[in-house]
Amino acid sequence: MRILAALVLVFAPAFASAQADPAERARAAADMLDVASEKLADAEGARDRVRALTETISAYETGLGALRSGLRQASLREAQLAAKLQSREAEIAALLAALQRVGGTQSPLILLHPGGPTGTARAGMLLAEVTPALNAQAEDLRRDFQELQQLKELQSVSAERLQEGLTEVQSARTILNQAIADRTDLPKRFTADPVREAILLSSSETLESFAAGLDQISAGVAPAAPEAITAEKGSLVLPVQGRVLRKAGEPDAAGIARPGIILATLPNALVTSPVGATLRYVGPLLDFGKVVILEPKADVLFVFAGLETVYAETGEVVEAGAPLGLMGDAGGKSASELSTDGDEAGAPRSETLYIEVRENNTPADPSLWFRTDKDG
């Protein structure tokens, strides 16, 4: 996606140099949101509003994720500094007392020593050695206190920007919904027969049996699917920003193992098509919830299950990056997007998208097709 790629090019150097600096990381993420905000204004007047809004929402999601991560790191750094200063409380008190005694004594009295000139000389040498060490300790403390204050201010400002970004991305999603509703020029490869589709749904007990009967639901003879995928196998971008929760064949808490992978995503995350493909089926299926089945090439199917909102229709042909729908927001958890607690572990990612790949109606490991090592 063009906007997302531009954001990566612009802000990647800043993030690379800010890995050890939570403050810079959070500032860079806030800048990403500012760019996305500008793009939202441009997208509303764009000729291809759906594409522009899709790229803008993806940019927002990237910026919001980066800002949460930056705030999380800043919070951890603040806690480390606070613990460090608290553990040195007695040392700091002694240092301040020493500095106060040295700085508060009149210079003629400093030169006097009960031991006479020799004692005075020795005291002067000792003071000359001690003073730089005291100054160094005072400078270290000054830097720690200054960083602590800056982190507190940064978190306050960034939290406000995070709230603004969440409001803006929600507005962008609403505008995208309307833009898709107004869209009339999406090409169709075939038209689905609702009666045949209903019969197939009622008679299918597994995803395998449903996929095997997909050719039956077209009202006419569907043209052959494209013979090639524009992106190389193994390098496809995941359809939604998220983390791999379970790999293919890995059993869940109930002991059920599926041939696909499960991604944990944030509420209302945008799901897009990783490649140009035909939509072989869009709608509810078995216990998978709302499902989108893509056919990027003959005898290859990508199954995305668990969406709350779907934009496309069966038979349509979509391009790479086209919006397919939105994830849900179970129990109205979108408010948790404001939280950074446990964000690194994916705690706020309350929604899950199931991805299954079928080649010749046989399950294939999605990691052979998608870059599952990339965290979104």
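Guide: In the protein chain, 73% of the contacts with a separation of 6 or more are between residues 24 or more positions apart. Please keep in mind that this is a predicted model.

Visitor: How many helices and strands does the protein chain have, and what percentage of its residues is buried?

Guide: The secondary structure comes to 8 helices and 11 strands. Of the 376 residues, 41% are buried. The chain exposes about 19100 Å², of which carbon and sulfur atoms supply 55%.

Visitor: How should I read a sheet, and in which order do the strands stand in the open sheet of 3 strands?

Guide: One reads the order of the strands, then the direction of pairing. Here the order is β3-β9-β7, with antiparallel pairing. β3 (270-272) and β7 (309-310) are the edge strands, each pairing on one side only.

Visitor: How many bridges join β3 to β9?

Guide: There are 3 bridges between β3 and β9, the latter spanning residues 323-326.

Visitor: Is Arg 173 buried or exposed?

Guide: Buried means under 20% relative accessible area. Arg 173 has a relative accessibility of 3%, so this residue counts as buried. Arg 173 belongs to helix α6, residues 116-182.

Visitor: Which side chain makes a polar contact with the side chain of Arg 173?

Guide: That of Glu 61 does, at 3.5 Å. Leaving aside residues up to four places away in sequence, Arg 173 also touches Ile 57, Pro 267, Asn 268, Ala 269, Tyr 311 and Leu 326. Among these, Leu 326 falls within the residue range of β9.

Visitor: What describes a pair of aromatic rings?

Guide: Two values describe such a pair: the distance of the centres and the angle of the planes. In this structure the count comes to 4 aromatic pairs. In one of them, Phe 302 and Trp 369, the ring centres are 5.5 Å apart and the planes stand at 75°. Planes over 60 degrees apart count as edge-to-face, and therefore this pair is edge-to-face.

Visitor: Where in the chain do Phe 302 and Trp 369 lie?

Guide: Phe 302 is in strand β6 (residues 300-307), whereas Trp 369 is in the segment after β11 (362-364). The pair links distant parts of the chain, 67 residues apart. Phe 302 is buried at 0% relative accessible area, and Trp 369 is buried at 4%. Together with Phe 370, these two residues form one aromatic cluster.

Visitor: Which residue lies over the face of Tyr 354?

Guide: Arg 258 does, at 5.9 Å from the ring centre.

How values were computed:
Residues are numbered from 1 along each chain as its sequence is written. This is a predicted model: local features need pLDDT of at least 70, side-chain atom pairs count only at pLDDT 80 or more; totals for chains, interfaces and linings use all residues. Side-chain values use heavy atoms; hydrogens and water are left out. Two strands pair if DSSP finds at least two bridges between them. Helices (H or I, at least four residues) and strands (E, at least two) are DSSP runs, numbered from the N terminus. Buried means under 20% relative accessible area, exposed over 50%, partly exposed in between (1.4 Å probe, protein chains only). A polar contact is a pair of N or O atoms within 3.5 Å; within protein, one must be able to donate a hydrogen and the other to accept it, and residues adjacent in sequence count only if both atoms are side-chain atoms. Contact means heavy atoms within 4.5 Å. Rings of Phe, Tyr and Trp (its six-membered ring) pair if their centres lie within 6.5 Å; planes under 30 degrees apart count as stacked, over 60 as edge-to-face and the rest as tilted. A charge sits over a ring if NZ of Lys or CZ of Arg is within 6 Å of the ring centre and within 35 degrees of the ring normal. Accessible areas come from the Shrake-Rupley method with a 1.4 Å probe; for residues, only the protein chains shown count as cover.
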